[in-house]
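Take a walk through the fold below, starting with charged pairs and ending with strands. Keep the sequence and the 3D view side by side.

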Amino acid sequence: MKLSIITVHYNNKFNLIKTIDSVKKQTWKSNIDYEYIVIDGLSNDGSIDLIKSEKVITKYVIEKDKGIYDAMNKGIDLAKGEFLTFLNAGDYYLNEKILEKIFNQSNIMEYDLVYGPVIVQRKKGKKLYIPKKFTKFNLYFWGTRTVCHQAMFIKQKIVGKYSNNYELKGELEWYFYLINIIKNYKIVNFPIVFYDPNGIGVKKWKKNIIEILHVVFSKNIIMGLLSLPLLLLTVIRKSLNNKK
């Protein structure tokens with residue numbers, strides 16, 4: 001099996017349907033190509049019946065969790081694919097050929113990480129976001145804006161686990177872990193997913209900033225100080241724009 005797709009979810013049935021449908025429509029759908037894992041935090045909005053009835057979902061866990069990163073770690077524990085990717089509820093693949101285009105590349109197995117652009121929903125319409133190179137410098141100065149989490153395909157053998165010390169920015173700490181493990185990566189030139197940025201990080205934008213700073217300063221105090229103005233400006237502007 002080449003790929004494990006993991007969706008973590010809680011009480012977001014309307015958006016979960018869109019995510020599941022985008023996986024179902026993939027032309028690359030042989031049962032040896034990918035598995036689809038859904039981790040649900042014991043929803044009470046009818047999502048559980050949906051999850052149990054969808055044949056495209058090969059594995060699921062329905063139980064209380066300690067937060068999004070605890071749920072993601074549960075998905076990692078179940079994953080058997082050579083590559084792993086996360087597709088959150090509300091995010092979806094931009095067309096039915098996405099997985100086929102990525103995994104039919106002859107040299108795909110040479111890379112530890114493959115990622116690409118995303119389409120982001122903004123107040124004034126949709127916008128193409130081009131990722132940056134996966135370097136420590138970009139992680140210090142751009143944080144999770146370096147690459148969209150939902151547009152990453154990571155080798156299972158190096159994926160590691162997310163820290164449960166963070167509510168919102170566990171993936172940034174995870175990026176810093178990956179940067180020391182990954183030997184080579186590839187950026188594809190076509191958008192992979194539609195990404196909805198209006199998640200919990202917008203509602204808790206102050207805590208979002210605090211956690212970004214905590215991760216960055218825990219890695220390197222000098223780089224944290226140098227990147228502080230840009231990180232603060234970027235996160236505050238993003239949060240305020242999304243709140244309008």
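Lys169 and Glu171 are both buried. In this predicted model, the two form a salt bridge, with their closest N and O atoms 4.0 Å apart. Side chains of opposite charge can pair when their charged atoms come close. The count of salt bridges comes to eight.

Look next at Glu63 and Lys74. Their salt bridge brings the closest N and O atoms to 2.8 Å. Glu63 sits in the loop between strand E3 (59-62) and helix H3 (68-78), while Lys74 belongs to helix H3, so the pair ties together parts that are eleven residues apart in sequence. Glu63 is partly exposed, at 37% relative accessible area. Lys74 counts as buried because its relative accessibility is 16%, under the 20% limit.

A further salt bridge links Lys24 with Asp21, whose closest N and O atoms are 3.9 Å apart. Both residues lie in helix H1, three residues apart, about one turn of the helix. Lys24 is partly exposed, with a relative accessible area of 34%. Asp21 is partly exposed too, at 27%. Shared partners join Asp21, Lys24 and Glu54 into one network of salt bridges.

Now follow helix H1 itself. H1 has twelve residues, 13-24, so at 1.5 Å a residue it should span 16 Å; the end C-alpha atoms are 16 Å apart, which agrees. Which residues of H1 are buried? They are Asn15, Leu16, Thr19, Ile20, Ser22 and Val23. These residues cover an arc of only 160 degrees around the axis, which means they are on the same side of H1. They pack against strand E1 (3-9), strand E2 (34-40), helix H2 (47-53) and strand E5 (92-93).

Strand E1 is mostly covered: seven of its seven residues are buried. In a regular strand the side chains alternate between the two faces of the sheet. From E1, Leu3, Ile5, Thr7 and His9 point one way, and Ser4, Ile6 and Val8 the other way. E1 runs parallel to E2, joined by seven bridges. Ile5 has Tyr36 as its bridge partner in E2. E1 also pairs with strand E4 (residues 83-86), again in the parallel sense, over four bridges. There, Ser4 stands opposite Leu84.

One more sheet remains to be visited. Four strands form an open sheet with mixed pairing, in the order E5-E11-E7-E8. E5 and strand E8 (125-129) stand at the edges with a single partner strand each, so one side of each has no neighbour in the sheet. Strand E7 (residues 118-122) runs antiparallel to E8, joined by five bridges. Ile119 has Leu128 as its bridge partner in E8.

Key: Residues numbered from 1 in each chain as written. Predicted model: local features only at pLDDT ≥ 70, side-chain atom pairs only at ≥ 80, totals over all residues. Heavy atoms only, no water. Helix = DSSP H or I, 4+ residues; strand = E, 2+ residues; numbered from the N terminus. Expected span 1.5 Å × (residues − 1). Buried < 20%, exposed > 50% of the residue type's maximum accessible area, 1.4 Å probe, protein only. Arc of directions from axis to C-beta. Contact = heavy atoms within 4.5 Å. Pairing = 2+ DSSP bridges. Salt bridge = Lys/Arg side-chain N within 4 Å of Asp/Glu carboxyl O.
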